Amino acid sequence: MQELKPIKEGKVREIYECGDSMIMVATDRISCFDVILNNQVTKKGTVLTQMSKFWFDLTRDVLPNHMESVNTADMPEFFRQPRFEGNSMKCKKLTMLPVECIVRGYITGSGWESYKKTGKVCGIQLPEGLLESQKLPEPIYTPSTKAEIGDHDENISFEQSVEYLEKRFPGHGADYAAKLRDYTIALYKKCADYALQRGIIIADTKFEFGLDENGNIVLGDEMLTPDSSRFWPAQGYEAGHSQPSFDKQFARDWLKANTKNGVMPTELPQDIVDKTIAIYLQAYEMLTGKPLA
């Protein structure tokens with residue numbers, strides 16, 4: 001069996017070459033505030049891959065996506081090892097568009113902090129008198145740049161996203177920016193409506209898109225996982241304060257509470273790790289209606 005090495009490693013994912021396709025492996029690493037922590041969260045990579053598969057299947061009528069298979073029998077022999085079962089996805093190769101497409105349906109996190117100071121989120125004026133965690137009248141699109149490992153993503157306006165894309169794809173900046181915004185809002189609305197029926201509020205999330213060989217925009221990367229989204233339980237939801245969370249906000253909160261003199265811990269205690277994966281598994285079961293295989 002030929003040993004394969006990833007051609008690219010992200011904060012959580014590893015990418016392998018596979019002819020006209022690629023294999024995207026979600027590891028059990030956990031990243032918070034753009035920092036890779038020293039912990040391994042067992043089963044986390046499988047949750048991320050299988051949840052992305054679920055959403056990719058659900059939204060094919062909105063936009064094509066890059067998923068080809070999550071069955072390792074469809075992959076080179078190297079991936080038929082226990083460490084790749086369940087957490088690996090064979091995908092179409094895309095030319096990725098260098099914008100993180102963030103959509104916010106509720107006001108929370110950095111958006112809430114910005115609103116309290118300026119009445120705006122990422123330059124978008126919002127109504128007066130909103131409460132923390134309140135549902136917005138309409139979801140808002142707040143794109144950011146896509147940072148390399150160790151750097152931080154930078155929030156940009158829609159107009160800046162046009163300029164940003166135009167530099168990379170001359171003659172297409174305005175068209176791509178508008179389509180990314182519209183696809184992002186459409187995907188969020190469909191999935192947020194579905195999740196609410198399953199007892200989960202999707203407060204915000206981010207998508208990434210790329211171009212296929214024909215120049216068509218295709219949904220890529222991961223989709224609506226606890227790593228890329230804020231999930232809140234619908235039961236007990238009440239605007240006016242922060243909400244309990246199904247995602248890694250639990251780990252973020254511990255890190256913030258234990259940051260001293262500006263230095264954030266790089267390792268979570270085991271009980272926080274155990275609670276984090278339990279939350280991921282619960283979210284998966286609620287959304288899909290079945291336990292993780």
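Let's start with Phe207: setting aside neighbours within four places in sequence, Phe207 is in contact with Val99, Glu100, Cys101, Val103, Thr184, Leu187, Tyr188, Leu219, Met223 and Leu224. Keep in mind that this is a predicted model.

**Nonpolar cores**
- The largest nonpolar core has 64 residues, and Phe207 is among those with the most contacts inside it, along with Trp55, Leu97, Leu180, Phe209 and Met223.
- Helix H4, spanning residues 173–197, gives the most to this core, with 10 residues.
- A second, separate core has 9 residues, including Leu4, Val25, Phe78 and Phe79.
- As general background, nonpolar side chains tend to be buried together in soluble globular proteins.

**Cysteines**
- How many disulfides are there? The count comes to 0.
- Cys18 and Cys91 do not pair, because the sulfur of Cys18 is 10 Å from its closest cysteine sulfur, in Cys91, which is too far for a bond; a disulfide needs the two sulfur atoms within 2.5 Å.

**Asp74 and its loop**
- You will find Asp74 in the loop between strand E6 (67–69) and strand E7 (88–92).
- Beyond residues up to four places away in sequence, Asp74 touches Ser69 and Lys90.
- The side chains of Asp74 and Ser69 are joined by a polar contact of 2.6 Å.
- Asp74 and Met89 are 15 residues apart along the chain, and their C-alpha atoms are separated by 9.7 Å.

Terms used. Residues are numbered from 1 along each chain as its sequence is written. This is a predicted model: local features need pLDDT of at least 70, side-chain atom pairs count only at pLDDT 80 or more; totals for chains, interfaces and linings use all residues. Side-chain values use heavy atoms; hydrogens and water are left out. A nonpolar core is a set of buried Ala, Val, Leu, Ile, Met, Phe, Trp, Tyr and Cys residues joined through side-chain atoms within 4.5 Å. Buried means under 20% relative accessible area, exposed over 50%, partly exposed in between (1.4 Å probe, protein chains only). Helices (H or I, at least four residues) and strands (E, at least two) are DSSP runs, numbered from the N terminus. Contact means heavy atoms within 4.5 Å. A polar contact is a pair of N or O atoms within 3.5 Å; within protein, one must be able to donate a hydrogen and the other to accept it, and residues adjacent in sequence count only if both atoms are side-chain atoms.
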